[in-house]
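Have a look at the sequence and fold below.

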Amino acid sequence: MSELLSEATVGDYLVGLGFAEADAALEAHELGGGVSNVVLAVTGATTNVVVKQSLPRLRVEQEWLAKRERALTEAEALRLAGTLTPGAVPGVLAVDPERCAIVIERAPTGWRAWKDDLLAGRVDPEVAARLGSLLATWHSETADDPEVAARFSDHEAFEQLRVDPYLRTVMRRWPRLERPVGRYVGQMTATRVCLVHGDFSPKNVLVGEGLWVIDFEVAHVGEPVFDLAFMTNHLMLKAVHRPVDFDAYREASLRLSTAYAEGASDALAFEPPYLVGLTGCLMVARVDGKSPAEYLSESDRLIARSLGSRLLLHPPSRLEAAWNDVGEVLVR
C-alpha cells in the first residue's frame with residue numbers, strides 16, 4: 001500500500017507534481033469531517049488546492065474497509081459533472097493512480113458546508129432548489145448513455161460505503177425489517193439508469209457566493225432515486241433534531257423534489273412511495289447502521305428509528321404526506 005499523505009509530507013508531494021517550487025513556503029492542514037479519506041488543504045504564494053487520498057480503512061469504531069481506487073472514480077465523475085454543469089463542482093487538477101489521490105480546486109474563502117447552516121437553523125430553500133436542478137441535469141444527461149455506463153459500471157465502492165454499512169447492516173440488526181429493506185435493496189441494486197452521486201448530502205454541499213457539490217467517490221451508474229432519498233433523509237433527520245425549524249426543512253425538501261421533477265427527463269420517472277420508503281430505510285440506517293448521524297441525541301435516535309420504520313413499512317403516496325407524518329410525531 002502506498003504511504004498515506006500528511007500535513008508534514010503533502011508539501012513535498014505537491015512540489016513533485018509541479019504545483020509549487022522546491023523552496024516554496026506551503027502551509028497544510030487537514031480538513032475535518034471526513035472518515036473515508038485524508039483531506040488536506042494546502043496554500044502558498046501560488047498554491048491553493050485540496051489533496052484527497054482514499055483510506056483503506058475508514059475512521060469509525062467498527063471495521064469498515066473499502067477499495068482505494070474510488071478516488072479515481074471521483075476524479076472521473078467530477079470531470080463529467082463539471083462538463084455538464086460548469087461551476088457546480090471543483091475542478092480536478094491532478095490524478096495519482098498509484099497513491100489513489102487527487103488534487104482539486106479549493107473552495108473560495110468563506111464558503112462553508114451546507115450541513116453547518118442546516119444544523120444552525122439557517123435553511124435556504126434556494127440552495128435546495130439549485131441542488132434539485134443540478135441533480136436532474138446530471139441524471140438526465142447521463143441516462144441510458146452507453147459510454148457513461150461503461151465508465152461507471154463498478155459498484156464495489158458503493159456497496160462497501162453505502163449499501164452494506166447502511167442498508168444491509170439494518171437488515172442484520174433488525175430481523176423484522178430484513179425483508180422490507182431487502183426489497184428496496186434488491187430493486188435499487190438491480191437498477192442501472194444514470195450516473196448516481198451516491199453521497200448526495202448536506203455535508204457534501206459547499207455554499208458561499210456560489211455552490212459546489214463535492215465527494216463523488218461512490219459515483220456509479222445506478223438508481224437515481226437513491227440520491228433524492230439520501231438528501232431527503234438528511235433533511236428529515238435535521239427536522240427531528242431541530243423541530244423548531246420543521247417548516248423550513250420541509251420547504252427545502254419539497255423545493256428540492258419539485259426542482260428535480262421539473263428538470264428530469266421522462267426516463268427518470270418514479271413512484272413517490274418508492275422515494276418515501278427508501279428514505280425511511282436510510283433514516284433507520286443513520287441510527288443503526290455503521291455510520292450513525294453524530295448530531296442525533298438518544299431521544300432523537302428513538303424518534304428517527306420509529307419514523308424511518310413507519311415510512312419504510314407504510315410509505316404515504318406523496319412526499320408531502322410523509323412530511324405531514326413527520327410533523328405530527330414532532331409536535332406530540
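**Strands and helices**

In E5, Ile 102 is the bridge partner of Val 95. This is a predicted model, where local features need pLDDT of at least 70 and side-chain atom pairs count only at pLDDT 80 or more, while totals for chains, interfaces and linings use all residues. Residues are numbered from 1 along each chain as its sequence is written, and side-chain values use heavy atoms, with hydrogens and water left out.

Q: What is the order of the strands in the open sheet of five strands?
A: Helices (H or I, at least four residues) and strands (E, at least two) are DSSP runs, numbered from the N terminus. Two strands pair if DSSP finds at least two bridges between them. Here the pairing is antiparallel, and the order is E1-E2-E3-E5-E4.

Q: Why is one side of E1 and of E4 left without a neighbour in the sheet?
A: Strand E1 (27–30) and E4 each have a single partner strand.

Q: How many bridges join strand E4 (residues 92–96) to E5?
A: The two strands run antiparallel. They form a hairpin with four residues between them, and Cys 100 in the turn has a positive phi of about 55°. Val 92 stands opposite Ile 104 in E5. The number of bridges joining E4 to E5 is four.

Q: Which residue in E5 is the bridge partner of Gln 53?
A: Strand E3 (residues 48–54) runs antiparallel to E5, and five bridges join them. In E5, the partner of Gln 53 is Ala 101.

Q: What angle does helix H1 (residues 10–17) make with E3?
A: H1 packs on the sheet and touches E1, strand E2 (37–43), E3, E4 and E5. Contact means heavy atoms within 4.5 Å. Axes are lines fitted to C-alpha atoms, for helices over the stretch in contact, and angles run from 0 to 180 degrees between N-to-C directions. The direction of H1 makes with that of E3 an angle of about 105°.

Q: How are H8 and H11 placed to each other?
A: The axes of helix H8 (residues 225–241) and H11 come within 9 Å and cross at roughly 140°. Angles under 35 degrees count as roughly parallel, over 145 as roughly antiparallel, 65 to 115 as roughly perpendicular and the rest as oblique. H8 and H11 are therefore oblique.

Q: At what angle do helix H11 (residues 298–313) and helix H12 (residues 319–330) cross?
A: Their axes come within 11 Å. The contact includes Ile 303 of H11 and Ala 322 of H12. The crossing angle is roughly 150°.
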